[in-house]
Amino acid sequence: MGSASVVPPHTMGNPLREGTGISSPPIPLLAVEGLTKRFQGVVALRDYRLTLQEGEILGVIGPNGAGKTTLINLLSGFIRPDGGSIRFRGRDLTRLPTHYIPKLGIARTFQNIRLFPSLTALENVMVAMTAHYPPDVLSTLFGFGPGHRRVRELRERAMALMEQMGIAHLAHRPSSALSYGDQRRVEIARALALEPSLLLLDEPTAGLHPEESEALIDLLSRLHRARRMAIVMVAHDMPVVMRFCPRLHVLSSGALLAEGTPEEIRHNPLVLEAFLGRPGRSGAA
């Protein structure tokens, strides 16, 4: 396995270690231990572990069937693990209802875009916002009262998000009429509408032209600097992930094969073998 930085385990309880006066390490944003998932006896993810700090970016790569999307589905609560734990700011998520996860500050996108096709781009973003700010349905229908004002506020916030994503001019078009690349941006805007501390991106550049991929990664980099949210990005696009992610995990057959910086991963013979199907030579690009 390639070299990797080791994050010391956090200490729960008293913020000062008794008798020492030394502050304990902060509780990580995300702490995953022994995460395992099986589908009809086939192990999709085995004994996976991860420590992610506030604002950190992690890329997860690996061959097809390595367990990458399974990992995103587990972290977002779409499926439950068969073993292990997922702690977000110290809270165990493994038995929480799926709809509760976004309220804690975790949002995700999908490899296959899942917008509401009959809604406009703006309405798709506004729907996500109701997870935190549910409008008063009756007063909204009759066009008065606090619910109506709240919807107006949500519309303004959604438009500001779409402006950031460069798609404000598409706000009132049905999402089904948008290009694939613009649908991607709407989906990311919808995830950001949840005001996440942790954003999970499942193949965000899939299906995009190289120029579109580069533009999207530039945009994500600016959003990360502005919001300081942590990001876990699953990707097949190696140039993109190597550029965007300062730290990488490599999955193979459901197991963590290697971790480290892009440079360390690029020269790791185990990684080259997993991707190329043959032993790699040290120093290969």
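**Core packing and sheet arrangement**

In this predicted model, Met233 is in contact, beyond its neighbours within four places in sequence, with Leu58, Gly59, Val60, Leu201, Pro204, Ile217, Val240, Val241, Phe244 and Cys245. Met233 also belongs to the largest nonpolar core, which comprises 50 residues, and together with Val125 it touches the most other members of that core. The element that gives the most to this core is helix α3, spanning residues 121–129, with 6 residues.

The strands considered next form an open sheet of 6 members, arranged in the order β6-β7-β8-β3-β9-β10, and their pairing is mixed. Strands β6 (106–108) and β10 (255–260) stand at the edges, and each has a single partner strand, so one side of each is left without a neighbour in the sheet. From one strand to the next, the twist averages 20°.

Within this sheet, strand β3 (residues 57–61) and strand β8 (residues 230–234) run parallel and are joined by 4 bridges. Val60 has Val234 of β8 as its bridge partner, while Val60 is also listed among the residues in contact with Met233.

Helix α1, which covers residues 68–75, lies across several strands of the model, namely β3, β6, β7 (198–202), β8 and β9 (247–252), and it runs at about 150° to β7.

Notes:
Residues numbered from 1 in each chain as written. Predicted model: local features only at pLDDT ≥ 70, side-chain atom pairs only at ≥ 80, totals over all residues. Heavy atoms only, no water. Core = buried A, V, L, I, M, F, W, Y, C linked by side-chain atoms within 4.5 Å. Buried < 20%, exposed > 50% of the residue type's maximum accessible area, 1.4 Å probe, protein only. Helix = DSSP H or I, 4+ residues; strand = E, 2+ residues; numbered from the N terminus. Contact = heavy atoms within 4.5 Å. Pairing = 2+ DSSP bridges. Axes fitted to C-alpha atoms, helices over the stretch in contact; angles between N-to-C directions.
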